[in-house]
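I opened my notebook to look up charged pairs and surface patches. Here is the structure I worked from.

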Amino acid sequence: MSKKIFVDSDVILDLLAKREPHYEYSARVFTLCDTKKIELYTTSLVFSNVYYILRKIVGIEKAKESLRKLRLL
């Protein structure tokens with residue numbers, strides 16, 4: 001049985017915006033999820049907040065595309 005872990009907006013933003021110094025750690029967490037070693041959970045509100053912040057950092061289209069890819073995980 002894999003561990004279930006809640007991911008907040010900061011971890012997702014670190015990954016999608018490649019924010020240092022935490023990008024590497026966020027990438028590791030999502031890699032563990034991708035390899036089915038852990039299960040990640042978040043809320044729709046976190047997803048909305050990430051979009052709101054990310055669009056200011058990388059632009060609307062890039063933010064949408066990043067969240068579409070993330071949703072596949």
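I worked on a predicted model, where local features need pLDDT of at least 70, side-chain atom pairs count only at pLDDT 80 or more, and totals for chains, interfaces and linings use all residues. Residues are numbered from 1 along each chain as its sequence is written, and side-chain values use heavy atoms, with hydrogens and water left out.

I looked up the salt bridges (a side-chain nitrogen of Lys or Arg within 4 Å of a carboxyl oxygen of Asp or Glu) and found four in the structure. Asp10, Asp14 and Arg19 are joined in a network of them. Arginine 19 meets aspartate 10 at 3.7 Å, N to O, and aspartate 14 at 2.9 Å, N to O.

Is aspartate 14 buried or exposed? I noted aspartate 14 as buried, because its relative accessible area is 9%; buried means under 20%, exposed over 50% and partly exposed in between (1.4 Å probe, protein chains only). Aspartate 10 is partly exposed at 42%, and so is arginine 19 at 29%.

Next I checked helix H2 (residues 23-34), where glutamate 24 and arginine 28 lie four residues apart, about one turn of the helix. Helices here are DSSP runs (H or I, at least four residues), numbered from the N terminus. The closest N and O atoms of this salt bridge are 2.6 Å apart.

Last, I noted that Tyr52, Ile53, Ile57 and Val58 form a nonpolar surface patch with about 330 Å² of accessible area together. Patch residues have over 30% relative accessible area and no salt bridge, with like charges joined within 9 Å and nonpolar side chains (Val, Leu, Ile, Met, Phe, Trp, Tyr) within 5 Å; accessible areas come from the Shrake-Rupley method with a 1.4 Å probe, and for residues only the protein chains shown count as cover. Isoleucine 57 sits in helix H3 (residues 44-58).

Conventions: Helices (H or I, at least four residues) and strands (E, at least two) are DSSP runs, numbered from the N terminus.
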